[in-house]
Structures are given as structure tokens and as C-alpha cells.
Amino acid sequence: MPTSLASNKAARDAVLDRVKKALGATGDRAAANADAERYIVAHAHGPRPAMPADLLTKFMVRATDMQSTVERVADVTLIPAAVARYINALELPPPLASQKSHKGVCWPEFEGLDWKGASLVIEARPTIGNDRLGITGTFCAIAETGTLVVLSGVNAPTATTLLPDTHIAVVRADRIVSGMEEAFALIRKERGKLPRAINMISGPSRTGDVEQTIVLGAHGPFRVHIVVVG
């Protein structure tokens, strides 16, 4: 077994052993492991803020709080027009004018959309570092914090999200969950195990390292625009 896998297994076994000890579990290891797993899944959450029934509106408000911009469309065929509207409306200072680009990259799931009809040139590939526009899907979104949850995988190249100056994220309205706890529960339910990387994105990249002044685009996109479908 590779060292990294062995160390991960050892760490998980150590956690399970502590849980089993707390439960007073003895005897068959497999049965004790199953008891420990059930305890972890059912473990009560800590204090959480009350959430409204309308998670969509909550998400849109919180995403705006995080300095993302949001637009709703009825179905996926309207995504190219929404992207074009956003790009055309950008008003950038001269030093950033090159970021107003009608060329970019997208996830494979959006390759078949009518980008040309919206006067956009979009390729389904990971970015190579000089792309200004990246269009991605999301695994789900979190209403409580206005956060996008993006998982790594064959059909979700992380670089498409993290490198371009402008990140446009497509969120399905029925994939907006209440909080982080529900997001991780959905990952476990649909994926079975955690993927190699989970990216939680709350607005544009920013830093306040220099004189506590917030600067956008420090480590990734200067702007995040969310297109909610449905």
C-alpha cells in the first residue's frame, strides 16, 4: 500500500478507535466499525443559524454579500446570452481592459451550447493560463454563506475555475442546500467518498495582507458571476 494511502487509513482507523472507545464497543472489528460510522453520520450538528424555506433567495443575497453578481435564467439554453450580457456590461479601467474578453473556456457539459450565437468563442478545455474567462458548473451551492461547491474530477477541471480573471459559475436552483453540513452529506450520498479536491468559493479571490486593504484578484478570479438555472 502506498505511504499516503496507508497513513490516511491509519488516521481514519485512529478516529474510529476513539469513537468505539467512547461508545464502549468491543468484539468484532467490522461490527464495531459499522457502529462507529453510524455514530459519525448521526452525530448532532453544533449551533446553526435559522434558515428560511426559500433557499434560492437566501443564496442570491449572500452571494451578493460576498461580492459575486447573480442572474437567473429559465434553462440552460439561455446561459450563453446571460454570459454575453455580463461581459458586455463590464466597465473596467484601462489597466484591466484586456480582461473584458469574449473568448474563454468551459466545462465539457457546456460545450454544446450556442456560444457562437451569443458572439462568444468558448472552448471546452482546461485553461492554459492566459484565458480571461472561465465558465464552470458547480456540484452544489450553500445558501447560508453564498458559497459555490466545486469538486475535482474528469468533467470538472479545477483549473478552469481558479485561473481566469472572470469566473462564471452555473448553479442549478435545485442544487442549493442550506449549509455546509448538507453539502458534505450530499457529496457522501452521491459520490460515496470525498473527491481529491473540494473547492468552496465565496466571491472573488481577495487578500488583506498589505495594510489590511482588501485587494480583489490576488490569488484567482477578479470577479465571480453566478448564473442560476431554473
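**Exercise 1.** State what covers the buried residues of H6 in this predicted model, and identify which residues those are.

*Solution.* Among the elements in contact (heavy atoms within 4.5 Å) with the buried residues of helix H6 are strand E5 (140–142), strand E6 (147–151), strand E8 (176–177) and strand E9 (198–201); helices (H or I, at least four residues) and strands (E, at least two) are DSSP runs, numbered from the N terminus. The residues in question, buried in the sense of under 20% relative accessible area with a 1.4 Å probe and protein chains only, are Ala-183, Leu-186 and Ile-187. They lie on the same side of H6, because the arc that they cover around the axis, taken from the directions to the C-beta atoms, is only 105°.

This is a predicted model, in which local features need pLDDT of at least 70 and side-chain atom pairs count only at 80 or more, while totals for chains, interfaces and linings use all residues. Residues are numbered from 1 along each chain as its sequence is written, and side-chain values use heavy atoms, with hydrogens and water left out.

**Exercise 2.** Determine the strand order of the open sheet, and explain which strands stand at its edges.

*Solution.* Taking strands as paired if DSSP finds at least two bridges between them, the six strands follow the order E1-E12-E7-E4-E2-E3, with parallel pairing. Strand E1 (69–73) and strand E3 (121–124) each have a single partner strand, so one side of each lacks a neighbour in the sheet.

Technical notes: Buried < 20%, exposed > 50% of the residue type's maximum accessible area, 1.4 Å probe, protein only.
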